Amino acid sequence: MLRTESREHNKLKQDTEAAALDVTSTAEPPPPAVCRDLFFQRCLWCGTPDYRRSFCRACGATTFKRERSAGAGVLVRRIGQTPLNTWFVAMAEGFNLLCQVTGTEPVVVAVGARVRVVRGAAPRGQGFPLVELTYRATSVERWW
């Protein structure tokens, strides 16, 4: 009779079962990595910068190259309710995006304040990029 099981096979099987028990015994998954980089698209035909578009808003082309943003911008307009602290941000590269301001009270945030990116992409692609204030706007610098 042909013997199919060997010592090495049994050892491998036991190691695999032990590893599976170790994986299932941990109750909490590891925290997701935070991506501080913000990437945007630049049209290859006309050079217009955009954020997450399927076609260029200036020329209609569908070919883009991906570039890394410096992460600096200016608050342009509040969107939605104050507790959500959601704003349109004009980035230094020339594109606008919807962001959530973090690290400060919503009352302190004003149009014209300078911000920098804290988290470019949320885990699993959900939510808005997060920004924080770097310089509060004075009444003279506000854009209204």
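Start with the largest pocket, which has a volume of about 180 Å³. A pocket here is an open set of points on a 1 Å grid over the protein atoms alone, where a 1.4 Å probe fits, with protein on both sides within 12 Å along at least five of seven lines. Its volume is the space filled by probe spheres set on the points.

Before you select anything, two notes on the model. It is predicted, so local features need pLDDT of at least 70 and side-chain atom pairs count only at pLDDT 80 or more, while totals for chains, interfaces and linings use all residues. Residues are numbered from 1 along each chain as its sequence is written, and side-chain values use heavy atoms, with hydrogens and water left out.

**Stop 1: the pocket lining**

Select Phe39, Phe40, Tyr51, Arg52 and Arg66: of the eleven lining residues, these lie nearest the pocket centre. A lining residue has an atom within 4 Å of a point. The lining divides into six nonpolar, two polar and three charged residues. Strand β1 (residues 39-43) gives the most to it, with three residues; strands are DSSP runs (E, at least two residues) numbered from the N terminus.

**Stop 2: the sheet around β1**

Now show β1 with its neighbours. They form an open sheet of three strands in the order β2-β1-β3, with antiparallel pairing; strands pair if DSSP finds at least two bridges between them. At the edges are β2 (49-50) and β3 (64-68), each pairing on one side only.

**Stop 3: an aromatic cluster**

Select Phe40, Tyr51 and Phe95, which form one aromatic cluster. Rings of Phe, Tyr and Trp (its six-membered ring) pair if their centres lie within 6.5 Å, and planes under 30 degrees apart count as stacked. The structure holds two aromatic pairs. In one, phenylalanine 40 and phenylalanine 95 have ring centres 4.8 Å apart and planes at 25°, so they are stacked. This pair links strand β1 to the loop between β5 (86-91) and β6 (96-101), 55 residues apart. Both phenylalanine 40 and phenylalanine 95 are buried, meaning under 20% relative accessible area (1.4 Å probe, protein chains only).

In the other, the rings of tyrosine 51 and phenylalanine 95 are stacked, with centres 6.1 Å apart and planes at 10°. Tyrosine 51 lies in the loop between β2 and β3, so this pair ties together parts that are 44 residues apart in sequence.

**Stop 4: arginines over rings**

Which ring has arginine 66 over its face? Select phenylalanine 39: arginine 66 is 4.2 Å from that ring centre. Arginine 53 lies over phenylalanine 55 at 5.2 Å.

**Stop 5: two positive phi angles**

Most residues other than glycine have a negative phi. Arginine 52, in the loop between β2 and β3, has phi near 55°. Is arginine 52 buried or exposed? Arginine 52 is exposed (the cut-off is over 50%), with a relative accessible area of 55%. Asparagine 85, in the loop between β4 and β5, also has phi near 55°, but asparagine 85 is buried, at 3%.

Conventions
Helix = DSSP H or I, 4+ residues; strand = E, 2+ residues; numbered from the N terminus. Nonpolar A, V, L, I, M, F, W, Y, C, P; charged D, E, K, R; others polar. Phe/Tyr/Trp six-rings, centres within 6.5 Å; stacked < 30°, edge-to-face > 60°. Lys NZ or Arg CZ within 6 Å of the ring centre and 35° of its normal.
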